[in-house]
Amino acid sequence: MLKKVLMGVLLALLLVVLGIVVYARLYAQVLPETLPSPSPEITVTPSPTTTPTPTPTPTPEPYADKPDIDINSWEYTLVNTASPLPKDYSPEITAVANSQYFDSRAADALNEFIAGAKAEGLTVYITSAYRNYSTQEYLFNRKVSQYIASEGSEEAAIEKAKTIVAYPGTSEHQLGLACDIVDKYYQYMNESIADTQLSQWLAAHCTEYGFILRYPKDKTDITGVMYEPWHYRYVGKEAAVYITNNGLTLEEFVALYK
């Protein structure tokens, strides 16, 4: 009887163990299908950093502050080899110092310029102001005659003379707005005159009276005329200040308005 009971208990235990094994196998097969799949890893790509484009600084226009003037007005008339005056050009003129004549519209300015120099105790002398075409022609031909022997031909002498004396029609003296000013006791028309007290005063104060040094030393390639520290040209105060302060010639100033 006891043997049968033990056999029954063993059989029951065997069935329990067998059931556990079977269940475990079944669970192992089902588990991969029932468990949820892991979520894929999400890679976050950072947005590229945008560098703002700087606003370009506009390049200022050269000489944008030039005077608001009518460049065709009489006081800005350009006279040179490229812009000659007609043979019959004849401005209205007024007598000034030293029996010279000047364009009537600027004669007072010249008189004030000379008076200013004299007030400083300087001995001012105008050697030449207005010259008509015939006078300029005479001066030019005389210079040609001086060079014929040394240059070998009239053509070569003419070209040489042009570097010293303006060809008739191309001189500002014919315009009546230019004058040659020297010290009464030092009338040498060469570069040495720039060292005189008078020339230094004229150069420093000419703009106050509307004048410019017409043919500067470092601008001969533009003016076509040698350095003349005695030659002053009337252009009016506003233009004179601007031209001088910016180191321009009249040619360059006029070109700003073209």
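1. Basis. The model is predicted, so that local features need pLDDT of at least 70 and side-chain atom pairs count only at pLDDT 80 or more, whereas totals for chains, interfaces and linings use all residues. Residues are numbered from 1 along each chain as its sequence is written, and side-chain values use heavy atoms, with hydrogens and water left out.

2. The sheet. Helices (H or I, at least four residues) and strands (E, at least two) are DSSP runs, numbered from the N terminus, and two strands pair if DSSP finds at least two bridges between them. On these terms four strands form an open, antiparallel sheet in the order S3-S4-S6-S5. Strand S3 (124–128) and S5 are the edge strands, each with a single partner, so one side of each has no neighbour in the sheet. Direction ignored, neighbouring strands of this sheet are turned by 45 degrees against each other on average.

3. Pairing around S6. Strand S5 (residues 211–215) and strand S6 (residues 228–234) are joined in the antiparallel sense over four bridges, and Ile 212 stands opposite Arg 233 in S6. Strand S4 (residues 178–183) also pairs with S6 in the antiparallel sense, over three bridges, and here Ala 178 stands opposite Arg 233. Burial is defined by relative accessible area (buried under 20%, exposed over 50%, partly exposed in between; 1.4 Å probe, protein chains only). Four of the five residues of S5 are buried, so this strand is largely enclosed by the rest of the structure.

4. Helix H5. Helix H5 (residues 197–205) lies across S3, S4 and S6, and runs at about 35 degrees to S6. Axes are lines fitted to C-alpha atoms, for helices over the stretch in contact (heavy atoms within 4.5 Å), and angles run from 0 to 180 degrees between N-to-C directions.

5. Helix H2. The 13 residues of H2 (residues 107–119) should span 18 Å at 1.5 Å a residue, and the end C-alpha atoms are 18 Å apart, which agrees; the expected span is 1.5 Å times one less than the number of residues. Among the buried residues of H2 are Leu 110, Phe 113, Ile 114 and Ala 117. Just after the helix, Gly 121 takes a positive phi of about 85 degrees.

6. Aromatic residues. Rings of Phe, Tyr and Trp (its six-membered ring) pair if their centres lie within 6.5 Å, with planes under 30 degrees apart counted as stacked, over 60 as edge-to-face and the rest as tilted. The structure holds 13 aromatic pairs. The rings of Trp 201 and Tyr 209 have centres 6.4 Å apart and planes at 40 degrees, so this pair is tilted. Trp 201 is buried at 11% relative accessible area, and Tyr 209 is buried at 17%. Trp 201 and Tyr 209 belong to one aromatic cluster that also includes Phe 113, Phe 211 and Tyr 232.

7. Cysteines. Cys 179 is buried at 0% relative accessibility, and Cys 206 is buried at 2%. A search of the whole structure finds zero disulfides, a disulfide being a pair of cysteine sulfur atoms within 2.5 Å.

8. Gln 174. This residue is found in the loop between helix H4 (154–162) and S4, and at 0% relative accessibility Gln 174 counts as buried. Its C-alpha atom is separated by 7.9 Å from that of Leu 85, 89 residues apart along the chain. Leaving aside neighbours within four places in sequence, the contacts of Gln 174 include Leu 85, Pro 86, Tyr 130 and Gly 169.
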